[in-house]
Amino acid sequence: KPFVDPSMETLFKTSLWLLLALLIFCAEASEPEDPIKAILQTTLDTYGESDYFTGMQFSYLAHGADEAITSTVGFTSKEKTQPITADTLFGWGSITKEFINTVLLSLEAEGKIALTDTLFEKLPEYFVKHSWPDMWKDVTIYQLLNMTSGIPDYVDVLFTEIAEGKYPSLVDVIEMPWTFTEIVDVASNFQHTQLSVCKEYNFCFEPGARWRYSNTDYILAGILIEEISGDSVLNLVNSIVYSQLPSDGIVYYEAGATPEPQVLSQFAQGYGSTTVTGPPVVANGTKWPYYLEGPAGGMIGNTAAMTSIVKALYGGKIVGQTTTKQFLYDYFVNITTGDLVKDLETDCLPLHCFGLGVMYQHSTTYGGIYFYEGRPLAYESVYLYLPCYDLAVAVSRNSSDIHLSELKDLLFTQLANLKLVNPEVYQTEVNPAFCPATNSKAAPNFLGDDIQV
């Protein structure tokens, strides 16, 4: 059986309902000296050795606050010479995807594309030059972004081919100087040569037939952006995503890029498995693990910057109010069936829904929650955004191994701890349409009066 990277599959198996009792208990418990730091330290003490991570960083940015509050524990490496600080950088991985989407949505707002356009309409020459499968021709841009394209994930394919001996090791794959088209060709060639295996394990399927996580979709999004705009993804991310934000604490790198020495000096050394099977082996954290990332996961930063850019995104400050509404509500699908959902509040409880590079769940405790997890090699980062309270929380660690229960669980625990540390966070319902007690089916109006039901 081909090896299937468990990172995203594990994420969706996390049950919000199992956390409710813990959340209530933590919220009612007597106040510890520093409950947020205490939970981080307990997590590090319990799982650090088995999961090969040495430190964690947590931030929250409340409504009306000028800057995030950050807590840290541990060190940037196993040598324990440099402690994790608020400025330490971690890999964000797939959290990059929603910001790649803002670039595509900006191009749509300029009339250069429509999300209903197909790959063949926009990239016909690639089907000739690279012999992409005919099944890909009818894939729409929105099916790339909400991962109902049916295009195999190059990560799944590479792990399968490593297990079969095509590549010596994961490290060898990572250190190859991949281009966008070379990465896509990995998925294309696999579908051509092993179509029966591809279909048997749901690596590939007819567009829109179901949902399956595919990083290839976002490498294709990068190709689309550059072909349509005539500019690089890097330049457009810098001009569109960062234009309204301070650049400190956030950097985007293209596939094959190597960070500058001053950036590397702030980076936590990453650890992770370098074998497909067997016990995890500590990766050489000094090597840059982003040759295969780019539009699928090339952002790095600290958690304070993550909360800032997340709030800017959901608050309409990056691509404007009308375009942000599309990001918030359109093209969400049921992750079990792949069907487009009609109502986020009713259709995303208790299951998660997947939209334009973002996930949504409606919680009876906190109301609407947008969230995402990134797990590049050697790092893991997660954020939650609660529009009811206009609250963003984020956590990162310097390992991608999966023995530890999802970091999303930890964030929900910290939401309860925030009631102890800063209860004012939950006293103002900023966006009532997203709050747990509301029965309103109206679209959120916090982006402006032009938002209609």
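**Charges, rings and strands**

Modeller: Let me start with Asp 51, which makes a salt bridge to Arg 397, with 2.9 Å between the closest N and O atoms. Do keep in mind that this is a predicted model.

Colleague: What makes the contact of Asp 51 and Arg 397 a salt bridge?

Modeller: The cut-off is 4 Å between a side-chain nitrogen of Lys or Arg and a carboxyl oxygen of Asp or Glu. The closest N and O atoms here are 2.9 Å apart, so the pair qualifies. Asp 51 belongs to helix 3 (residues 35–51) and Arg 397 to strand 11 (residues 391–397), so the bridge ties together parts 346 residues apart in sequence. Both Asp 51 and Arg 397 are buried.

Colleague: How many salt bridges does the structure hold?

Modeller: The structure holds 10. One of them joins the side chains of Asp 390 and Lys 311, at 3.2 Å from N to O. Asp 390 is in the loop between strand 10 (380–386) and strand 11, while Lys 311 is in helix 15 (residues 303–314), so this pair ties together parts 79 residues apart in sequence.

Colleague: Why is Asp 390 called buried?

Modeller: Buried means under 20% relative accessible area. Asp 390 has 14%, so the word applies. Lys 311, at 12%, counts as buried by that cut-off too.

Colleague: And what do we know about Arg 375 and Glu 380?

Modeller: They form a salt bridge, their closest N and O atoms being 2.7 Å apart. Arg 375 counts as buried at 15% relative accessibility, and Glu 380 is buried at 1%. Through shared partners, salt bridges join Asp 51, Glu 373, Arg 375, Glu 380 and Arg 397 into one network.

Colleague: On to the rings. Why is the pair of Phe 332 and Tyr 370 called tilted?

Modeller: Rings pair if their centres lie within 6.5 Å, and planes under 30 degrees apart count as stacked, over 60 as edge-to-face and the rest as tilted. The centres of Phe 332 and Tyr 370 are 6.4 Å apart and their planes stand at 55 degrees, so the pair is tilted. Phe 332 lies in the loop between helix 16 (321–329) and strand 6 (333–334), and Tyr 370 in strand 9 (residues 367–374), 38 residues apart. Phe 332 is buried at 1% relative accessible area, and Tyr 370 counts as buried at 1% as well. Both belong to one aromatic cluster, which also includes Tyr 314 and Phe 434.

Colleague: How do you know that the charged end of Lys 97 sits over the ring of Tyr 218?

Modeller: The distance part of the test asks for NZ within 6 Å of the ring centre, and the charged end of Lys 97 is 5.7 Å from that centre. Arg 210 likewise has its charged end over the ring of Phe 205, 5.2 Å from the centre.

Colleague: What makes the length of helix 12 (residues 216–229) agree with expectation?

Modeller: At 1.5 Å a residue, its 14 residues should span 20 Å, and the end C-alpha atoms are 20 Å apart, which agrees. Helix 12 is mostly covered, with 10 of its 14 residues buried, among them Tyr 218 and Leu 220.

Colleague: Last one: why are strand 3 (90–93) and strand 4 (250–252) called edge strands?

Modeller: Three strands form an open antiparallel sheet in the order 3-5-4. Strand 3 and strand 4 each pair on one side only, and that makes them the edges. Strand 4 pairs with strand 5 (residues 299–301) over three bridges, and pairing needs at least two.

How values were computed. Residues are numbered from 1 along each chain as its sequence is written. This is a predicted model: local features need pLDDT of at least 70, side-chain atom pairs count only at pLDDT 80 or more; totals for chains, interfaces and linings use all residues. Side-chain values use heavy atoms; hydrogens and water are left out. Rings of Phe, Tyr and Trp (its six-membered ring) pair if their centres lie within 6.5 Å; planes under 30 degrees apart count as stacked, over 60 as edge-to-face and the rest as tilted. Helices (H or I, at least four residues) and strands (E, at least two) are DSSP runs, numbered from the N terminus. Buried means under 20% relative accessible area, exposed over 50%, partly exposed in between (1.4 Å probe, protein chains only). A charge sits over a ring if NZ of Lys or CZ of Arg is within 6 Å of the ring centre and within 35 degrees of the ring normal. The expected span of a helix is 1.5 Å times one less than its number of residues.
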